[in-house]
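Reader: Hey, I've just opened this one and I'm a bit lost. Can you walk me through it?

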Amino acid sequence: MMSKIISENKVAQVAKLIDKAKNIVIVCHIAPDGDAIGSSLGMYHFLNALDKMTTVVIPDAMPDNLLFLKGTKEILNYSKYPEFAGELIEKADLIFCLDFNALKRLGEKMEVAIASSKARKVMVDHHLDPEGFCDVTISHPEISSTSELVFRLICRMGMFDLFETDSATAIYTGMMTDTGNFTYNSNKSDMYFIIEELIKKGIDKDEIYTKVFNTNTVDKIRLNGYAVSEKLEVFPKHKAAMITLTREELNRYHYRKGDSEGLVNVPLGIENIVFSAFFREEKDFIKVSLRSRGSFPANKVASEHFNGGGHLNAAGGEFYGTMEEIKERFVKILPLYNQYL
Ligand code: 5GP
Ligand code: MN
């Protein structure tokens, strides 16, 4: 048996909104990851089974390694088709906001479209401090993935039977990716009860792992190898590590979106390292990814210094300046967090 996490009242409200809705849109955060796509498609297949006109609209392109999931062909990329996606958003009477807590996480353009839509909105998310822009806000930072919350929501609405393999595969993908294949935030027994149910629905968990994690390009493997061997700096006194990659270095390895996914976790595999930062140069800013172990607050560092936020152990943000400046900043701020070591 699963413990009841989502309140009865919210489950009933969502069931009613779905019942009344004709056109449903599902949205998730910019640069969608396994959990964003997994929760969106999990919900999408379920709503399709209910015969609801449903479209998943994502702010920008999705990573190639998730294209194996059923339903990805029907996902609409807002940055590619802003007019068509905008029309769908305008026409929607219900919008599910999955795996993000603030409109800003949709990116500048889509943020406006969702904010100005008259549709009822339901947030299902696990990031801290949700903004209050939804009619129903299901926010549980203690749950390790939004995909798990979507599964719980569907079950609690009494519709477990409508849940089939494609949906289950998407949900499992989100649970797996947001826990690093069940290596962090993964100590709750409910999670394994849910996986048992997903397996009974016909998922092939070994195959999902292979499709998500073992489909790298040679360039990606070489880029990651280069980053670790040449660009890793360790600060033993602060139990911290940093990896940086400039545009030039990324171009050298024909960088494609997602190629540095997971790189930030690598230094946490070093004994006594509890805080890892990865800085990747983008066109107009430097993308910041932070990971930590234990009680070291990666999200505090992200919000205090890098215009971002996130979870205790996984956070991110943006830095407007040069690579030299961000490196200098990082070294300077490390001592401020010694109390968490
Ligand atoms: P990643 O390092 O994988 O890009 O992000 C890890 C986590 O940090 C995300 O799940 C999200 O919660 C948070 N995060 C990443 N980038 C940002 C950002 O720019 N702003 C905020 N508020 N959170 C971010
Ligand atoms: Mn997530």
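Reader: Let's start with threonine 55. What does it touch?

Author: Threonine 55 touches Ile24, Val25, Ile26, Glu74, Leu76 and Leu88, leaving aside residues up to four places away in sequence. Contact here means heavy atoms within 4.5 Å. Before we go on, this is a predicted model, where local features need pLDDT of at least 70, side-chain atom pairs count only at pLDDT 80 or more, and totals for chains, interfaces and linings use all residues. Residues are numbered from 1 along each chain as its sequence is written, chains are lettered from A and ligands numbered from 1 in the order in which they are written, and side-chain values use heavy atoms, with hydrogens and water left out.

Reader: Got it. Where does threonine 55 lie, and is it buried or exposed?

Author: Threonine 55 lies in strand β2, residues 53–58. Helices (H or I, at least four residues) and strands (E, at least two) are DSSP runs, numbered from the N terminus. Threonine 55 counts as buried because its relative accessibility is 11%. The cut-offs are under 20% relative accessible area for buried, over 50% for exposed, and partly exposed in between, using a 1.4 Å probe and protein chains only.

Reader: Switching topic: which residues are the protein donors of the manganese ion?

Author: For the manganese ion (ligand 2), they are Asp35 (OD), Asp99 (OD), His126 (NE2) and Asp178 (OD), lying 2.2 to 2.3 Å from it. Donors are N, O and S atoms within 2.8 Å of the metal (3.2 Å for Na, K and Ca), and water is not among the atoms, so sites may look incomplete.

Reader: How are those donors spaced along the chain?

Author: The donors of the manganese ion follow D-x63-D-x26-H-x51-D. Distant parts of the chain are linked by aspartate 35, in helix α2 (residues 34–49), and histidine 126, in the loop between β5 (120–125) and β6 (136–139), 91 residues apart. Both aspartate 35 and histidine 126 are buried.

Reader: And aspartate 99, what about its phi?

Author: Phi of aspartate 99 is near 70°, a positive value in a residue other than glycine. Most residues other than glycine have a negative phi. Aspartate 99 sits in the loop between β4 (94–98) and α4 (108–116), and it is buried, with a relative accessible area of 1%.

Reader: Where is asparagine 181, and what's its phi?

Author: Asparagine 181 is in the loop between α6 and α7. Its phi is positive too, about 55°, although asparagine 181 is not a glycine. At 29% relative accessibility, asparagine 181 counts as partly exposed.

Reader: OK, what does serine 145 touch?

Author: Serine 145 touches Asp35, His126, Gly174, Met175 and Asp178, again not counting residues up to four places away in sequence. Among these, Asp35, His126 and Asp178 are also protein donors of the manganese ion. Serine 145 is found in the loop between β6 and α5 (146–156) and is buried, at 0% relative accessible area. Its side chain reaches the backbone nitrogen of glutamate 148 at 3.1 Å.

Reader: Now helices. How do α2 and α5 cross?

Author: The axes of α2 and α5 come within 8 Å and cross at roughly 20°. Axes are lines fitted to C-alpha atoms, for helices over the stretch in contact, and angles run from 0 to 180 degrees between N-to-C directions. That makes α2 roughly parallel to α5; angles under 35 degrees count as roughly parallel, over 145 as roughly antiparallel, 65 to 115 as roughly perpendicular and the rest as oblique.

Reader: Which residues make that contact?

Author: On the α2 side, Asp35, Gly38, Ser39, Gly42, Met43 and Phe46; on the α5 side, Thr146, Ser147, Val150, Leu153 and Ile154.

Reader: What about α2 and α6, are they roughly parallel or antiparallel?

Author: α2 and α6 are roughly antiparallel to each other. Their axes come within 7 Å and cross at roughly 160°. Among the residues that meet there are Asp35 in α2 and Asp178 in α6.

Reader: And how do α5 and α7 cross?

Author: The axes of α5 and helix α7 (residues 189–200) come within 12 Å and cross at roughly 70°, which makes α5 roughly perpendicular to α7. Glu148, Phe151 and Arg152 of α5 make the contact with Asp190, Met191, Ile194, Glu197 and Leu198 of α7.

Methods. A polar contact is a pair of N or O atoms within 3.5 Å; within protein, one must be able to donate a hydrogen and the other to accept it, and residues adjacent in sequence count only if both atoms are side-chain atoms.
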